[in-house]
Amino acid sequence: MVLIDSHAHLEMPEFRRDLEQVILRAKASGVEYIFTVGTEKKDWMRALEIAHSNPSVYAILGVHPHNAKEIDDQTYPTLRGLCRNEKVKAYGEIGLDFYRNLSPRGVQLKRFREQIGLARELRLPIVVHDREAHQETLEILKSEKAEECGGIIHCFSGDYEMAKVCIDMGFYISVPGSITFKNAESFREIVKKIPWESLLVETDAPFLTPEPFRGKRNEPSYVRYTAQKVAEIKKVSFEKVAEVTTENALRVYRLK
Ligand SMILES: [Zn+2]
Ligand SMILES: [Zn+2]
């Protein structure tokens with residue numbers, strides 16, 4: 001039985017103290033690969049370092065919508081260079097966060113468009129972050145021809161209609177630990193309907209810790225609780241969820 005954590009943030013300070021143990025625990029729980037996402041300049045090298053010193057870790061690099069306002073003349077040339085590294089498997093996370101609005105909305109929209117263009121140039125799939133900006137996210141994915149690079153809508157929070165549009169564009173829908181939360185009934189209904197071939201699981205560690213550890217720091221080994229909940233919802237075995245989501249992750253990140 002093998003699982004993949006399609007999205008985590010191992011370079012964040014929450015893991016500085018015990019990263020090695022975290023990676024070992026993931027291995028011990030069957031997590032074969034972890035995709036760590038460097039979301040801003042100060043994290044890119046660290047994400048790459050972790051990927052290089054751990055055969056089970058790959059990197060994803062880009063500028064998060066929270067940090068969109070920090071993009072300057074150096075940003076894209078730097079990313080263009082770093083992303084040619086063989087350990088980088090996707091571009092992201094990019095998108096829109098109209099919940100926290102840490103960068104002005106206009107800046108987020110502009111930088112999201114530009115970064116889809118960069119990912120297409122680099123021929124990398126994109127990892128999309130969309131929080132309370134579903135309509136705008138869909139509009140930009142369409143107008144920037146994101147179907148040409150494809151990728152993942154991570155921590156999916158839209159409705160089934162949105163999932164369908166994204167899937168038709170060749171995107172995968174990634175399910176985080178919040179699927180285990182008591183109040184996530186409508187999300188579980190959506191996941192129930194999402195076809196197997198488009199489904200991934202992720203932790204987004206150190207955030208979004210699934211039950212029964214909600215409130216503590218999240219880590220990649222906990223992706224099994226998310227997979228277990230998906231198995232429950234879809235009334236299949238845990239092994240089936242592990243097998244299909246692993247297959248899908250290997251496909252979208254082009255590891256096979
Ligand atoms: Zn995100
Ligand atoms: Zn993330």
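Reply: Helices here are DSSP runs of H or I with at least four residues, numbered from the N terminus. The model under discussion is predicted. By that numbering, Gln228 is placed in helix 8, which covers residues 223–234.

Me: Is Gln228 buried, partly exposed or exposed?

Reply: Buried requires a relative accessible area under 20%, and exposed requires one over 50%. The relative accessible area of Gln228 is 34%, which lies in between, so Gln228 is partly exposed.

Me: What distance separates the C-alpha atoms of Gln228 and Ala242?

Reply: Along the chain, these two residues are 14 residues apart.

Me: Which protein residues are the donors of the zinc ion (ligand 1)?

Reply: The donors lie 1.9 to 2.1 Å from the ion. Their spacing in sequence is E-x35-H-x24-H.

Me: Which residue bridges the zinc ion (ligand 1) and the zinc ion (ligand 2)?

Reply: The two ions lie 3.4 Å apart. The bridging residue belongs to strand 4 (residues 88–97), and His154, in strand 6 (residues 151–154), is 61 residues away from it in the chain. The residue that bridges the ions is Glu93.

Me: Are Glu93 and His154 buried or exposed?

Reply: The cut-off for a buried residue is a relative accessible area under 20%. Glu93 has a value of 1% and is therefore buried. His154 has a value of 3%, so His154 too counts as buried.

Me: How are helix 5 and helix 6 oriented to each other, roughly parallel or roughly antiparallel?

Reply: The axes of helix 5 (residues 134–143) and helix 6 (residues 160–168) come within 11 Å and cross at roughly 15 degrees. Angles under 35 degrees count as roughly parallel. Helix 5 is therefore, relative to helix 6, roughly parallel.

Me: What is the make-up by class of the contact of helix 5 with helix 6?

Reply: Helix 5 contributes His134, Thr137, Leu138 and Lys142, while helix 6 contributes Met162, Val165 and Cys166. By class, the residues of this contact are 4 nonpolar, 2 polar and 1 charged.

Me: Is Gln108 buried or exposed?

Reply: Gln108 lies in helix 4 (residues 105–122). Beyond its neighbours within four places in sequence, Gln108 has contacts that include Pro65, Ala68, Phe98 and Leu102. Its relative accessible area is 1%, so Gln108 is buried.

Note on methods. Residues are numbered from 1 along each chain as its sequence is written. Chains are lettered from A and ligands numbered from 1 in the order in which they are written. This is a predicted model: local features need pLDDT of at least 70, side-chain atom pairs count only at pLDDT 80 or more; totals for chains, interfaces and linings use all residues. Side-chain values use heavy atoms; hydrogens and water are left out. Axes are lines fitted to C-alpha atoms, for helices over the stretch in contact, and angles run from 0 to 180 degrees between N-to-C directions. Helices (H or I, at least four residues) and strands (E, at least two) are DSSP runs, numbered from the N terminus. Angles under 35 degrees count as roughly parallel, over 145 as roughly antiparallel, 65 to 115 as roughly perpendicular and the rest as oblique. Contact means heavy atoms within 4.5 Å. Ala, Val, Leu, Ile, Met, Phe, Trp, Tyr, Cys and Pro count as nonpolar, Asp, Glu, Lys and Arg as charged, and the others, Gly among them, as polar. Donors are N, O and S atoms within 2.8 Å of the metal (3.2 Å for Na, K and Ca); water is not among the atoms, so sites may look incomplete. Buried means under 20% relative accessible area, exposed over 50%, partly exposed in between (1.4 Å probe, protein chains only).
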